[in-house]
Amino acid sequence: MRIPCPFCGPRDSQEFSFLGQAGLKRPDPNAPDAQKQFHDYVHIRDNKAGVTQELWLHANGCRSWIVVTRNTLTHEVTGSDYASPMTKEAAQ
């Protein structure tokens, strides 16, 4: 599988480390149900079949965090972008 790094261009997926589903928000540790929220945050994922957005680290390259749009049924990668504007600015 080839992943298009926004900074380095297309690279083999072995250069990257997969974190998981993109866009998850860390729970508030002071919430009354914080223990359940953190359990779900760590252990419960959608595992959606089809197009998803995933967080990857270009570990053996520019070290940028990127969000990859990928079809989990076909492994087709249709795009990628920096995970945050700060990451993009640091890479330039």
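This is a predicted model: local features need pLDDT of at least 70, side-chain atom pairs count only at pLDDT 80 or more; totals for chains, interfaces and linings use all residues.
Mentor: Quick ground rules: local features need pLDDT of at least 70, side-chain atom pairs count only at pLDDT 80 or more, and totals for chains, interfaces and linings use all residues. Residues are numbered from 1 along each chain as its sequence is written, and side-chain values use heavy atoms, with hydrogens and water left out.

Trainee: Why does glutamate 54 count as buried?

Mentor: Buried means under 20% relative accessible area, exposed over 50%, partly exposed in between (1.4 Å probe, protein chains only). Glutamate 54 has 5%, so buried it is.

Trainee: What makes the link between the side chains of glutamate 54 and arginine 70 a polar contact?

Mentor: The two side chains are 2.7 Å apart at that contact. The definition asks for a pair of N or O atoms within 3.5 Å; within protein, one must be able to donate a hydrogen and the other to accept it, and residues adjacent in sequence count only if both atoms are side-chain atoms.

Trainee: Why is the pair of phenylalanine 18 and tryptophan 56 called edge-to-face?

Mentor: Rings of Phe, Tyr and Trp (its six-membered ring) pair if their centres lie within 6.5 Å; planes under 30 degrees apart count as stacked, over 60 as edge-to-face and the rest as tilted. These centres are 5.1 Å apart and the planes sit at 65°, so the pair is edge-to-face. Ring pairs also bring Phe16 into a cluster with Phe18 and Trp56.

Trainee: How do you know that phenylalanine 18 is partly exposed?

Mentor: Its relative accessible area is 47%, whereas tryptophan 56 is buried at 8%.
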